[in-house]
Amino acid sequence: MASEQRIGWGWPVLSRKAHFFNNDAVSICRRWMYTGPVDRGDFKSIDDCAACRRWADRHAATSAAPMPEAGQGGDDAQES
Ligand SMILES: [Zn+2]
């Protein structure tokens with residue numbers, strides 16, 4: 001019940017870019033696992049992961065952001 005929410009930008013140790021985590025140990029781009037602290041909200045770094053940045057922008061970093069859904073929006077939502 002008291003599970004801590006971890007929604008925001010985090011910096012995996014070996015990553016040179018910030019990745020977005022949505023209450024999950026795996027980043028939005030699915031490339032990184034990370035369980036450390038994250039920067040809440042719409043914090044922006046000059047070194048954000050492009051895929052995570054796009055997702056965060058689309059969802060405006062809301063506290064109840066849903067997980068990405070395939071086909072959502074209909075535009076270039078494909079992540080390689
Ligand atoms: Zn990422």
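Biologist: What is the order of the three strands in the open sheet?

Modeller: The order is S2-S1-S3, and the pairing is antiparallel. Bear in mind that this is a predicted model.

Biologist: Why is one side of strand S2 and of strand S3 left without a neighbour in the sheet?

Modeller: S2 (19–22) and S3 (39–40) stand at the edges, so each has a single partner strand.

Biologist: How do you know that S1 and S2 pair?

Modeller: Count the bridges. At least two are needed for a pair. Four bridges join S1, residues 7–10, to S2, so the two strands meet the cut-off. They run antiparallel. Gly8 stands opposite Phe21 in S2, and Gly10 stands opposite His19 in S2.

Biologist: What makes S1 and S3 a pair?

Modeller: They have two bridges, and at least two are required, so they count as paired. The sense is antiparallel. Here Gly8 stands opposite Arg40 in S3.

Biologist: What else is in the chain besides the three strands?

Modeller: There is one helix. From the N terminus on, the elements run β-β-β-α.

Biologist: Which residues form the largest nonpolar core?

Modeller: It has 12 residues, including Ile7, Trp9, Phe20, Phe21, Ile28, Val38 and Cys49. S1, S2 and helix H1 (50–59) are the elements that give two or more residues to this core. H1 gives the most, with four.

Biologist: Why would such side chains gather?

Modeller: In soluble globular proteins, nonpolar side chains tend to be buried together.

Biologist: Which residues of H1 are buried?

Modeller: They are Ala51, Cys52, Arg53, Trp55 and Ala56. S2 is part of what covers them. Across the protein chain, buried residues make up 26% of the 80 residues.

Biologist: Why is Arg16 called exposed?

Modeller: Arg16 has 8 other C-beta atoms within 10 Å. The cut-off for exposed is 12 or fewer, so Arg16 is exposed. Arg16 lies in the loop between S1 and S2. The C-alpha atoms of Arg16 and Cys49 are separated by 8.9 Å, though the two residues are 33 residues apart along the chain.

Biologist: Why is Asn23 called partly exposed?

Modeller: Asn23 has 15 C-beta neighbours inside 10 Å. Exposed needs 12 or fewer, and buried needs 20 or more. The count for Asn23 falls in between, so Asn23 is partly exposed. Asn23 lies in the loop between S2 and S3. Its phi is positive, about 60°, although Asn23 is not a glycine.

Biologist: What makes Arg30 partly exposed?

Modeller: Arg30 has 13 C-beta neighbours inside 10 Å. That count is also in between the cut-offs, so Arg30 is partly exposed. Arg30 is found in the loop between S2 and S3. Its phi is near 70°, a positive value in a residue other than glycine.

Biologist: What share of the contacts with a separation of 6 or more joins residues 24 or more positions apart?

Modeller: The share is 48% in the protein chain.

Biologist: Where is confidence highest, and where is it lowest?

Modeller: Confidence is highest in S2, at 93, and lowest in S3, at a mean of 78. The mean pLDDT of the protein chain is 78, and 64% of its residues reach 70 or more. Where pLDDT is low, the predicted coordinates should not be read in detail.

Terms used. Residues numbered from 1 in each chain as written. Core = buried A, V, L, I, M, F, W, Y, C linked by C-beta atoms within 7 Å. Contact = placed C-beta atoms within 7 Å. pLDDT = per-residue confidence, 0-100.
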